[in-house]
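The following report describes one protein model, beginning with a single residue and then widening to the whole chain. Please keep the sequence and the structure in view while reading.

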Amino acid sequence: RFPGAHSTHCLSAAFLRCSGAMAAAQADETDVGATVREPLDLIKLSLDERIYVKLRGDRELRGRLHAYDQHLNMVLGDVEETITTVEIDDETYEEIIKTQKRAMPYLFVRGDGVILVSPPLRT
């Protein structure tokens, strides 16, 4: 019999216990948000969740995030787009704020137009 066989078994069992403890610790870190190490990790947590996206040109989107990439290109589902325009009345010089809304089942958003991404604002 090889003299170190028993200790090898003990090391393997200790390794498995240690691996299990490490996995539990990582799960605990997930619960407290310690897995967010870079900005896109925050977006990753929003997959399959409703998000709010502010775009250039006074456009806003609310929808479910299905996919994204490192350029912040996104695929949104069940989307509501809001476009806000400000016009000046020629006679009174007052600002007239108009909003248009439209709904779309799916939308591809090009990342270079994205200003902000967050959970949806309560309105």
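Glu60 belongs to strand β2, which covers residues 59–68. Strands (E, at least two residues) and helices (H or I, at least four residues) are DSSP runs, numbered from the N terminus. The model is a predicted one, in which local features need pLDDT of at least 70, side-chain atom pairs count only at pLDDT 80 or more, and totals for chains, interfaces and linings use all residues. Residues are numbered from 1 along each chain as its sequence is written, and side-chain values use heavy atoms, with hydrogens and water left out.

Leaving aside residues up to four places away in sequence, Glu60 touches Tyr52, Val53, Lys54, Glu80, Glu81 and Thr82; contact means heavy atoms within 4.5 Å. The side chains of Glu60 and Tyr52 are joined by a polar contact of 3.0 Å. Such a contact is a pair of N or O atoms within 3.5 Å; within protein, one must be able to donate a hydrogen and the other to accept it, and residues adjacent in sequence count only if both atoms are side-chain atoms.

Five strands form an open sheet in the order β4-β3-β2-β1-β5, with antiparallel pairing. Because β4 (95–109) and β5 (114–118) stand at the edges with a single partner strand each, one side of each is left without a neighbour in the sheet. On average, neighbouring strands of this sheet are turned by 25° against each other, direction ignored; the axes are lines fitted to C-alpha atoms, and angles run from 0 to 180 degrees between N-to-C directions. Strand β3 (residues 74–88) pairs with β4 over 14 bridges in the antiparallel sense, where two strands pair if DSSP finds at least two bridges between them. Thr85 stands opposite Lys98 in β4.

Leu42 is located in helix α2 (residues 39–44). Leu42 counts as exposed because its relative accessibility is 53%; exposed means over 50%, buried under 20%, and partly exposed in between (1.4 Å probe, protein chains only). The C-alpha atoms of Leu42 and Val117 are separated by 9.6 Å, and the two residues are 75 residues apart along the chain.

The protein has two helices and five strands, running α-α-β-β-β-β-β from the N terminus on. Two percentages for the protein are tabulated below.

| Property | Value |
|---|---|
| Buried residues among the 123 residues | 23% |
| Contacts with a separation of 6 or more that join residues 24 or more positions apart | 44% |
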